[in-house]
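Look at the model below, and follow the chain from one end to the other before reading on.

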Amino acid sequence: MPDWAVAVISVVGGLVLVWLVLLLILWVQQRRAGRTMDWRQIMRLVADVVVLLKRLIADPGVPRGTRWWLGGLLAYLLLPIDLVPDFIPVLGYADDAIVVAIALRYAIRTAGRSAIERHWPGTPEGLESLLSLVGAR
């Protein structure tokens, strides 16, 4: 198999795994809060986060350091290299979710919650879930 095909498969696989981890985290949070879940809305969350990152990186009003940080987050998520290898059960996927939460929390602190809200492409409930996930409610 050519190297480029392995890279494409790795990127797609990595995005799917991050999406599944975010779904699991959101499911656990919803259960703890005693709320019912709308799976369609939750499945859109990962796509909305990717669009949010892209918009924040492109916004010249967001501090340059924050844009670099978020660009690094996208690269980390897209590259097949992880802090904890994905073949390790639970921990392999949890590190991706932790890195996403840390990067988004940093973005909220430096760019401001208003930038996140302005660029959020999804529903208000999705934004609330994301802010809850990163501890910025």
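**From the chain to its cavity**

Buried residues account for 35% of the 137 residues in the protein chain; buried here means under 20% relative accessible area. Keep in mind that this is a predicted model.

Next, consider the secondary structure. The protein chain has six helices and zero strands. Read along the sequence, the pattern is α-α-α-α-α-α. Contacts show how parts of the sequence come together. Among contacts between residues at least 6 apart in sequence, 59% join residues at least 24 apart.

How many cavities of 30 Å³ or more does the structure hold? There is one cavity of that size, and the largest cavity contains about 60 Å³ of space.

Which residues line the largest cavity? They are Leu15, Val18, Leu22, Val46, Val49, Val50, Leu53, Leu77 and Val100. Two elements, helix 1 (3-33) and helix 2 (39-58), each give at least two residues to this lining. Helix 2 provides the largest share, with four residues.

The lining can also be sorted by class. In the largest cavity, nine lining residues are nonpolar, while no polar and no charged residues take part. Leucine and valine both count as nonpolar, and the names in the lining, including Leu15 and Val18, can be checked against that class.

Definitions and conventions. Residues are numbered from 1 along each chain as its sequence is written. This is a predicted model: local features need pLDDT of at least 70, side-chain atom pairs count only at pLDDT 80 or more; totals for chains, interfaces and linings use all residues. Side-chain values use heavy atoms; hydrogens and water are left out. On a 1 Å grid over the protein atoms alone, a cavity is a set of points where a 1.4 Å probe fits but cannot get out, and a pocket is an open set with protein on both sides within 12 Å along at least five of seven lines; lining residues have an atom within 4 Å of a point. Grid points are joined across faces, edges and corners, and a volume is the space filled by probe spheres set on the points. Buried means under 20% relative accessible area, exposed over 50%, partly exposed in between (1.4 Å probe, protein chains only). Contact means heavy atoms within 4.5 Å.
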